[in-house]
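Q: Hi! I have this model open on my screen and would like to talk it through. Could you take a look with me?
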Amino acid sequence: MRIYKDIITGDEMFSDTYKMKLVDDVVYEVTGKLVTRQQDDIKIEGFNPSAEEADEGTDSAVERGVDVVLNHRLCETYAFGDKKSYTLYLKDYMKKILQRLEEKSPDQVDIFKTNMNKVMKEYLSRFKDLQFFTGESMDCDGMVAMLEYRDIDGVSTPILMFFKHGLEEEKF
């Protein structure tokens, strides 16, 4: 299994256990699912609680959301009220990534510059439909992933978008 982490904050963003597609060699689109699960509802195969431990009618919290967001503890951010504020963040973030690429992967600089502008124009054309997520540290200096719902086979499906060059892979 591979975990993809933000190179600036070290936050875990997603893993390769989800359906992934690389767009123009610069953005990973990760397909999520809407899930509902009870917190503290841990099921271990072969476990059979005894009659003395019967449910006493206690309420347990229910957690609903996108599996990728919940499993990797991503945090929704409302820091970008308009396209202009997100574009300012993006310019600053892309400078950091470009500087890192020039140091560590100079062969990727042209791909990054050429394709990122094209991809981001397309995403920003749908700005009002996007939600934004940071890693667990909630540090907006690092990656802010985007989420949009797309109609796939008649089902509204959450798609998260992460910048490839802002991630490092960790193998497990």
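Q: How many residues does helix α3 have, and how far does the helix reach?
A: Helix α3 covers residues 109-124, which is 16 residues, and reaches 22 Å from its first C-alpha to its last. That is close to the 22 Å expected at 1.5 Å a residue, where the expected span is 1.5 Å times one less than the number of residues. Helices here are DSSP runs of H or I with at least four residues, strands are E runs of at least two, and both are numbered from the N terminus.

Q: Before we go on, what sort of model is this?
A: It is a predicted model: local features need pLDDT of at least 70, side-chain atom pairs count only at pLDDT 80 or more, and totals for chains, interfaces and linings use all residues. Residues are numbered from 1 along each chain as its sequence is written, and side-chain values use heavy atoms, with hydrogens and water left out.

Q: Thanks! Where is the kink in α3 centred?
A: On M116, with a kink of about 30°. The bend at a residue is the angle between axes fitted to the seven residues ending there and the seven starting there.

Q: And which residues of α3 are buried?
A: V109, F112, N115, M116, V119, M120, Y123 and L124. Buried means under 20% relative accessible area, with exposed over 50% and partly exposed in between (1.4 Å probe, protein chains only).

Q: What do they pack against?
A: The buried residues of α3 pack against several elements, including β4 (27-31) and β10 (155-163); contact means heavy atoms within 4.5 Å.

Q: Tell me about β4. Why is it largely enclosed?
A: Four of its five residues are buried, so β4 is largely enclosed by the rest of the structure. Five bridges join β4 to β3, running antiparallel, and five bridges also join β4 to β10, again antiparallel. Strands pair if DSSP finds at least two bridges between them.
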